[in-house]
Amino acid sequence: MKHMSVWRTELIPFLLKLILGLLLIMPLAYCVSLSLMTPGEIFSYPPKLFPGSLYLDTYRELLRTIPLFRFLMNSVFLATVSTASKILLDSLAGYAFAFFEFKGKKGLFFVILFAYMVPEESIVVANFSTIAKAGLLDTMAAVLLPNLASAIGVFVMRQRFMSIPKELREVAVIDGCGSLRFFASVALPVAQSSAVSLAMIEFVSSWNMYLWPLLVTNSTENRTIQIGISMLNFSDSQSYGLCAAGIVAALVPPIVLFLLCNRKIVEGLTAGAVKG
């Protein structure tokens, strides 16, 4: 009976997690494998799961077809600046909603939540018109301006800051600690794990942007890696290996960031889940 209990409580959950993990990683693994296959291996029948040898000519062709490093640098710059701006502005707004009392506070917070529920596609035309009238089309600023803050970020940081006792801030103010100093020295370090989790989510969201950068940029030097991948689809022919190589190149920065911040991300996602 003891062995049956161990099987049910430990081995079965482990096997389920293993199967789920394999299902999630299989598409990525096959994409990497596809990028390393020769054209003959890609279209072979029955289909092959692994290349016979490492065929690197696909990556060389990728570098010749599109300015890969330029697209990657554009995406890194846009995602980094957008994420940093969102963390700063969302944290400040969340801090204000958590610790300050002002007229219209509840109504304003409701408006922010409502903004989160509005699909981004529904305001694309209005944003494009505003950017065009400002004369910012085909610039990095055109991509960045609508993505400097996020409603969900304000909500997440506000919820995290509300777990900090207000009495702690009151004591700090009595001791001469100003609001910004308390924010930088106490509130933000306490919410560090949540901020890192939010930063990862926002970075990936900014990294994966396609529609908006496609609308507001025309020149190659201002385009992102997601648009670069779409340029690998030719009207007369389609190289699956080339597209797979582009996808692999686009996945490297987010994966590296996730591996570096994995511990903090888990802490942020589980913060407040266990008490006592």
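A quick note on the model: it is predicted, so local features need pLDDT of at least 70 and side-chain atom pairs count only at pLDDT 80 or more, while totals for chains, interfaces and linings use all residues. Residues are numbered from 1 along each chain as its sequence is written, and side-chain values use heavy atoms, with hydrogens and water left out.

Let's start inside. There is one cavity of 30 Å³ or more, meaning a set of points, on a 1 Å grid over the protein atoms alone, where a 1.4 Å probe fits but cannot get out. The largest cavity holds about 40 Å³, a volume being the space filled by probe spheres set on the points.

Who lines it? Asn74, Ser75, Leu78, Ser206, Trp207, Met209, Thr224 and Gln226 do, lining residues being those with an atom within 4 Å of a point. Helix H4 (68-99) and helix H11 (192-207) each give at least two residues, with H4 providing the largest share, three. Helices here are DSSP runs of H or I, at least four residues, numbered from the N terminus.

Now the backbone. Most residues other than glycine have a negative phi, and most peptide bonds are trans. Tyr45 and Pro46, though, are joined by a cis peptide bond, with omega about 0°; Pro46 sits in the loop between helix H2 (39-42) and helix H3 (57-65).

Asp138 has a positive phi, near 65°, and belongs to the loop between helix H6 (124-133) and helix H7 (140-144). Asp138 counts as partly exposed because its relative accessibility is 24%, between buried (under 20%) and exposed (over 50%), with a 1.4 Å probe and protein chains only. Thanks, all!

Technical notes:
On a 1 Å grid over the protein atoms alone, a cavity is a set of points where a 1.4 Å probe fits but cannot get out, and a pocket is an open set with protein on both sides within 12 Å along at least five of seven lines; lining residues have an atom within 4 Å of a point.
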